[in-house]
Amino acid sequence: SERFASRTPAPLSLVQSYPQCKVQLRNMSDEKVQMEVDAKEEEAEEPQDTLLVLAEYRYKMQSPYFSTEEKNDAKAALMKIIQKNNMAPYYKYICDLMNWSVDEKLCETMKAANKAEMKKMEDELEDAKKNRGETEVRDAEVAIAKYFSTIGDKKIALEKLKEVLESSVGTGQKIDVVFVLIRLGMAFDDTQTVKSYVTMAKDLVEKGGDWERRNLLKVYEATFLVRIRDFKAASKLFIESVATFTCTAMYSYETLVCYTVICSMISLDRISFRKQIVRSPEILQVVQEMPNVEGLIQSLYNCKYSQLFKVLVNISEMLRKDRYFAPHCGWWLREMRIVTYSQFLRSYRSVTLSSMATTFGVGIEFLDKELSRFISAGRLNCKIDAVNRVVETNRPDAKNSQYAEIISKGDALLSRIQKLSIELT
């Protein structure tokens, strides 16, 4: 007790201020954590490319699937972005495309702003060439090239970006420039440009691309594959990108998940679909906020075919309003019905048309015509007994089909050899 009593007590002011100091320290700690979180989010989240945003508004104005009010809203939003960024070249482009009358006063104002900004950037480039190193020179050249892209001058942007690409030394720098070129092609629906630079990006990534750029390329390539209707290859790349997505310059994470589901529905077998889509925590977390997409997944997997056909109506409306999937909407719906009919018929050797029509919630005549069309095209392995109104399945034997294919190819090869021997003799 004497030992404890001999201790000098803490000053009263310090004791009284301790709780206040503790609260301040806790607040400072919370603010620091929040600042770190915000910094990470800003670093990770790149805003969508302005030209791609404008491309979406442009599609809304041109598509017949949007109302007049939606088109007017799209036009207002598009003009707001054009004026904010002084996009004189893009304004001329959109006026020509939509047959709008050009506001000459506005156009001249934006051109003057473009000219002033270019003068400033060219002065910085000259200063970098005279007083700084190669890195600063390249940064100035990249800034000029990106500026032409930002204001929507496709022709000059392509020329400047190609010059930067040729002068770049590092593989990573080249890949970044190629990604800008891909987005530029996407924004102006230039499929050939996108194709050539996706191929170039793949070659560059193989030579020395880092992990992040490899993941970005998967999104760019998958989007391009959607444009050319290769949904199977696109679904593979989309699935690989779900857990590592950072390509917000193209579109949001929610959009990526939606695209992943749409492509996978007609590309994966049932086992792969369950593993990679139905039981994927990343996808399930997002589709909870998308009733139609979640209903599409669950109704197909749980064999609720009548519900699936109702969901397809809503999904088709959604796809028609998407600039990447709109050209393929009718084809995708047809493929989805084939997948659905095949899954249903796999469980039966024979089933009546009336029973099948009831299961799918459609009329017998419609189902009869639909199945007949798919059977004649060789897309369904079954036949219809028109007298008894029964659908009979005939599962193909894999070995017999392979044998027949080998015989057919062998005959063709022998015929070519005989023709070649006759020409030589």
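**A walk through one predicted model**

The largest cavity in this structure has a volume of about 40 Å³. Keep in mind that we are looking at a predicted model. How many cavities of 30 Å³ or more does a search of the whole structure find? The search finds 1.

What lines the largest cavity? Take the residues in order: Gly185, Met186, Asp189, Asp190, Thr191, Val194, Phe224 and Arg227. By class, the lining has 3 nonpolar, 2 polar and 3 charged residues.

Is Asn215 buried or exposed? Its relative accessibility is 7%, so Asn215 counts as buried, the cut-off being under 20%. Setting aside residues up to four places away in sequence, Asn215 touches Ser241 and Thr244.

Next, Tyr91. Find it in helix 5, residues 88-98. Tyr91 counts as buried too, because its relative accessibility is 4%. Which residues does Tyr91 contact, leaving aside neighbours within four places in sequence? They are Met79, Ile82, Ser101, Val102, Asp103, Leu106, Cys107 and Met110. Now look along the chain to Ile151, 60 residues from Tyr91. The C-alpha atoms of these two residues are separated by 8.9 Å.

On to helix 19, residues 353-360. Its buried residues are Leu353, Met356, Ala357 and Phe360. They cover an arc of only 100° around the axis, so they lie on the same side of helix 19. What covers them? The cover includes helix 17 (305-320), helix 18 (329-345) and helix 20 (364-376). It also includes strand 1 (350-352), strand 2 (382-385) and strand 3 (390-393).

Last stop, the cysteines. A disulfide is a covalent bond between the sulfur atoms of two cysteines. How many disulfides does a search of the whole structure find? It finds 0. Look at two cysteines in turn. Cys247 has a relative accessible area of 2%, so Cys247 is buried. Cys303 has a relative accessible area of 37%, so Cys303 is partly exposed.

Methods:
Residues numbered from 1 in each chain as written. Predicted model: local features only at pLDDT ≥ 70, side-chain atom pairs only at ≥ 80, totals over all residues. Heavy atoms only, no water. Disulfide = S-S within 2.5 Å. Buried < 20%, exposed > 50% of the residue type's maximum accessible area, 1.4 Å probe, protein only. Contact = heavy atoms within 4.5 Å. Helix = DSSP H or I, 4+ residues; strand = E, 2+ residues; numbered from the N terminus. Arc of directions from axis to C-beta. 1 Å grid on protein atoms, 1.4 Å probe; cavity = no way out; pocket = protein on both sides within 12 Å on 5 of 7 lines; lining within 4 Å. Points joined across faces, edges and corners; volume = space filled by probe spheres on them. Nonpolar A, V, L, I, M, F, W, Y, C, P; charged D, E, K, R; others polar.
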